[in-house]
Amino acid sequence: MPRDSRYDILFEPLKIGPVTAKNRFYQAPHCNGMGRTFPSSMAAMRGVKAEGGWAIVSTEQIDIHPTSDITPATEGRLWSDQDIPYLARMCDAIHAHNALASIEPVHNGKWASNTYSREIPLFPTHMPSTDNNMPVQARAMDKEDIKNFRRWHLDSVKRAKQAGFDIICCYAGHNLSLAGQFMLKRYNFRIDEYGGSLENRIRLFREIIEDAKNEVGDKMAVIVRFAVDELRGSEGLEWNKEGYEIVEMLAELPDLWDVNIAEWENDSITSRFSDEGHQEPFVKFVKKVTTKPVVTVGRYTSPDRMVSIINKGIVDMIGAARPSIADPFLPKKIEEGRLEDIRECIGCNICVAWDNLKAPMRCTQNPTKGEEWRKGWHPEKIPKKVTDGLILVVGGGPAGLEAARAAGERGYDIVLAESTNTLGGRINYESKMPGLSTWGRVRDYRTYQLSQMSNVNIYRE
């Protein structure tokens, strides 16, 4: 089925500095519990997203130096040339589907307790590190440290270029980036040219952006990821005060603005406490300040909402982390007019829970997530049946519906027996609780898929 013409704008190419995104879908950087620890799993997972139609596929944060060691977290790492090959493998998987690969080099400042490297954490000011509840003190960076940091960041850019990345993302968000921490008055008590005025506090961020642009020239795009508001009131950045001023001061420097709110729990808030597009009030000013493309996230799963925020001039691209996990083929399904086949994110954040366990992520909606390489699971392809047996599935709750759907797609004849008159099991109760209506998508996606299969017979009561 051809796509509805009202979605055409989502598939227009977008120029980002010297590179061009084939459509308006941007997989924002997100942790995944794989990274350097399970590099083959990470590369395969990103490749599946590129196959699914995302124009830009980003890494998670990539630690750039032993002083930014966040062990035991399973993020990416780019400390030396030895780290290039596994990231190059990811680039190859993305490029195989004509998508752009983006990398997010990061130094976590005092949030890096350096439990593996045993280095002393670095920060704008002397301050305790509370990462992993370790009794560690970060020391204030002197001029030589700042010079070194710029060199480490630039080295990561050079290595990213060798690995084959198309986009460098300079990071200042979620209170996780040293360049971003320099901006914050609650951390930066310096009295030199890197402290005091806002212009001084953003100096380091400006410098690493300029360093990156000078290095890559017209070969790669340099974008920024910046949290315009921290929801801390006057204690932190506020979008209509210093958040606005920072965007205004750096407006034309990057090739694209990826804007959001901080900290992480506000950016990726669960569906229980927020609706789709909850960040729009905080970021809608950005396109009025810069001529460069703008992207934001907001757990977008509705194509109509995506089109609306582009037409309203809020963004130029649709950013997504969790929706790209729940359905890596979301863009392709919109393009092919298969909206009913989209596995919409329910905002439960089980993906985050498994990353916090330092294990490959999983997803309530997408059971293949995290197993794309080890088990060879694919969200849209499943092996055909190997016998002619009839399969009985007892119970039409979430697990029973998925078992029937998967086996039915393999071509087996299925009998699904449900003791009540309603499919969905526990989801029917959970989705009626305050803020959890999106959880009904677990039931709705599967019951629709089953309704399209002539080889599945459902018996209620």
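User: What does the side chain of threonine 71 make a polar contact with?

Analyst: Its partner is the side chain of aspartate 69, at 2.5 Å. A polar contact is a pair of N or O atoms within 3.5 Å; within protein, one must be able to donate a hydrogen and the other to accept it, and residues adjacent in sequence count only if both atoms are side-chain atoms. Keep in mind that this is a predicted model: local features need pLDDT of at least 70, side-chain atom pairs count only at pLDDT 80 or more, and totals for chains, interfaces and linings use all residues. Residues are numbered from 1 along each chain as its sequence is written, and side-chain values use heavy atoms, with hydrogens and water left out.

User: Where is the place of threonine 71?

Analyst: Helices (H or I, at least four residues) and strands (E, at least two) are DSSP runs, numbered from the N terminus. Threonine 71 sits in the loop between strand 4 (56-63) and strand 5 (76-77). Proline 72 is found in that loop between strand 4 and strand 5 too, and a cis peptide bond with omega of about 15° joins threonine 71 to proline 72.

User: Which residue does a cis peptide bond join to alanine 262?

Analyst: That is glutamate 263, with omega of about -5°. Look for glutamate 263 in the loop between strand 12 (257-261) and helix 8 (264-267).

User: Now phi angles. Is asparagine 98 buried or exposed?

Analyst: Buried means under 20% relative accessible area, exposed over 50%, and partly exposed in between (1.4 Å probe, protein chains only). Asparagine 98 has 60% relative accessibility, so it counts as exposed. It has a positive phi of about 60° although it is not a glycine, and its place is the loop between helix 2 and strand 6 (100-106). Arginine 299 also has a positive phi, of about 55°, and is not a glycine. Arginine 299 is buried, with a relative accessible area of 5%, in the loop between strand 13 and helix 11.

User: Which strands does strand 14 pair with, and in which sense?

Analyst: Two strands pair if DSSP finds at least two bridges between them. Strand 3 (residues 25-27) runs parallel to strand 14, joined by three bridges; in one of these pairings, glutamine 27 has alanine 320 as its bridge partner. Strand 13 (residues 294-296) is also parallel to strand 14, over two bridges, and threonine 296 has isoleucine 318 as its bridge partner.

User: Which helix makes a β-α-β unit with strand 13 and strand 14?

Analyst: Helix 11 (residues 303-311) does, and the unit is right-handed. To read the hand, point the strands away from you: a crossover is right-handed if the path from the first strand over the helix to the second runs clockwise.

User: In what order do the three strands of the open sheet come?

Analyst: The order is 7-9-8, with mixed pairing. Strand 7 (122-123) and strand 8 (127-129) stand at the edges, each with a single partner strand, so one side of each has no neighbour in the sheet. Strand 8 and strand 9 (residues 136-140) run antiparallel, joined by three bridges; there, proline 128 has glutamine 137 as its bridge partner.

User: Which residues touch the most other members of the largest nonpolar core?

Analyst: A nonpolar core is a set of buried Ala, Val, Leu, Ile, Met, Phe, Trp, Tyr and Cys residues joined through side-chain atoms within 4.5 Å. The largest one has 93 residues, and Leu10, Phe165, Ile168 and Phe205 touch the most other members. Helix 2 (residues 84-95) gives the largest share of this core, seven residues. Apart from it lies another core, of 17 residues, among them Tyr26, Ala221, Ile223 and Leu256.

User: Last one: which residues is aspartate 229 in contact with?

Analyst: Contact means heavy atoms within 4.5 Å. Leaving aside neighbours within four places in sequence, the contacts of aspartate 229 include Leu237, Trp239, Asn260 and Phe282. Aspartate 229 is found in strand 11 (residues 221-229) and is buried, with a relative accessible area of 7%. A polar atom of the aspartate 229 side chain lies 2.7 Å from the backbone nitrogen of leucine 231.
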